[in-house]
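Here's a quick tour of one model, with a look at its strands, its cores and a helix. Have the structure open as you read.

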Amino acid sequence: MSVAFRRENDDEHLEPKFEIPIPPGPNLVTPRGKALIDAKVAELEARLKEDLDETALTAAKRDLRYWQTRQITADVQPEPDGSVVAFGTRVTFLLNGKERVLGLVGDDEADPSAGLVAFSAPLARALMGEEAGELLPFNGREDAIEVVAIALL
């Protein structure tokens, strides 16, 4: 049999394990977001002290590298004054006639099911800097968004 058709072992055909991608741009965080990152780092550091198999250990180390990078680059933002939609505010708005409420937070703190979106999301970018009562274009439609109210998170 030709050497070209032999496999040395099954490991050489496994998918490579890559680092967790870091979101582009600044790592803006709320004080709550910074606390969540710190807690995740502490949790992973404690996990590394456990007796883990090689696969779990490799995954935990990869996750720790990601969260330590996020911890080091975290830029805690000052509390906004609430006069305009900004990072760290909760905005109530009408989108196509339907009322929605979203909090604008950092990439790692975002949880759309809990009403928290990353400041880098298109909808968040459309809302940034606007005041209550303003009508905004969105998704190719004029006056698609009406800002109703702004509050602090």
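Which residue in β4 is the bridge partner of threonine 92? The partner is valine 101. Keep in mind that this is a predicted model.

## Strand β3 and its neighbours

Let's stay with β3 for a moment. This strand pairs with β4 in the antiparallel sense, over 6 bridges. The hairpin of β3 and β4 has 2 residues between the strands, and asparagine 96 takes a positive phi near 55 degrees there.

β3 also pairs with β7, again antiparallel, over 7 bridges. Within that pairing, phenylalanine 93 has valine 147 of β7 as its bridge partner. Of the 7 residues in β3, 5 are buried, so the strand is largely enclosed by the rest of the structure.

## The cores

The largest nonpolar core counts 14 residues, and Phe93 and Val147 are among those with the most contacts inside it, along with Val85, Val91, Leu123, Leu127 and Ile145. At least two residues of this core come from each of β3, β4, α3 and β7.

Leaving aside residues up to four places away in sequence, valine 147 touches residues including Val85, Val91, Phe93, Leu127 and Leu136. There's also a second, separate core of 8 residues, with Ile37, Val41, Leu44 and Tyr66 among them.

## Helix α1

Gly33, Ile37, Val41 and Leu44 are the buried residues of α1. Looking down the helix axis, they fall within an arc of 80 degrees, so they line one face. What they pack against is β1 and α2.

The length of α1 checks out too: at 1.5 Å a residue, its 18 residues should span 26 Å, and the end C-alpha atoms are 26 Å apart.

Definitions and conventions:
Residues are numbered from 1 along each chain as its sequence is written. This is a predicted model: local features need pLDDT of at least 70, side-chain atom pairs count only at pLDDT 80 or more; totals for chains, interfaces and linings use all residues. Side-chain values use heavy atoms; hydrogens and water are left out. Helices (H or I, at least four residues) and strands (E, at least two) are DSSP runs, numbered from the N terminus. The expected span of a helix is 1.5 Å times one less than its number of residues. Buried means under 20% relative accessible area, exposed over 50%, partly exposed in between (1.4 Å probe, protein chains only). The arc is that of the directions from the helix axis to the C-beta atoms. Contact means heavy atoms within 4.5 Å. A nonpolar core is a set of buried Ala, Val, Leu, Ile, Met, Phe, Trp, Tyr and Cys residues joined through side-chain atoms within 4.5 Å. Two strands pair if DSSP finds at least two bridges between them.
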